[in-house]
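Student: I'd like to learn how to read a helix and a core. Can you walk me through it?

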Amino acid sequence: MSYVTLAEAKKQCNITHDDDDSFLSSQLIPAAEEAVALEACEDLADLEMSDGTLPFALKQAILVKVADFYANRESESFGAPSVVKATGTLINLYRNYNQ
């Protein structure tokens with residue numbers, strides 16, 4: 001189950017075309033969700049609210065990671081590397097420090 005829709009990911013990445021839909025939905029969204037779960041040291045399903053959604057901070061962290069992965073999808077960068085510090089702050093709100 002994906003916690004982020006394709007439409008939400010495209011909006012976050014400022015994508016208006018459909019060329020990357022499959023790439024976003026089959027690779028970047030799952031990778032971002034897995035990254036957030038690993039950083040939180042918790043299965044995202046265990047952090048779901050009663051309506052089956054994630055807390056807004058975690059969903060925003062996933063969206064920021066999707067956009068970061070999309071913007072930095074090459075193995076080499078010719079600009080400054082992207083470091084998004086906001087995701088750590090958002091994820092730490094729900095991080096399981098017992099593990």
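This is a predicted model: local features need pLDDT of at least 70, side-chain atom pairs count only at pLDDT 80 or more; totals for chains, interfaces and linings use all residues.

Student: Which exposed residues does the face of H1 turned away from its buried side carry?

Tutor: Ala 7 and Lys 11. Exposed means over 50% relative accessible area, buried under 20%, and partly exposed in between (1.4 Å probe, protein chains only). Residues are numbered from 1 along each chain as its sequence is written, and side-chain values use heavy atoms, leaving out hydrogens and water.

Student: And which residues are buried in H1?

Tutor: Ala 9, Lys 10 and Cys 13. Seen down the axis of H1, they fall within an arc of 100 degrees (taken from the directions from the axis to the C-beta atoms), so they line one face of the helix. Their cover includes H2 (21-40) and H3 (56-71).

Student: What about the largest nonpolar core: how many residues has it?

Tutor: In soluble globular proteins, nonpolar side chains tend to be buried together. Here the largest core has 25 residues, and Cys 13 is among those with the most contacts inside it. Such a core is a set of buried Ala, Val, Leu, Ile, Met, Phe, Trp, Tyr and Cys residues joined through side-chain atoms within 4.5 Å. H1, H2, H3 and H4 each supply at least two residues, with the largest share, eight, coming from H3.

How values were computed:
Helices (H or I, at least four residues) and strands (E, at least two) are DSSP runs, numbered from the N terminus. Contact means heavy atoms within 4.5 Å.
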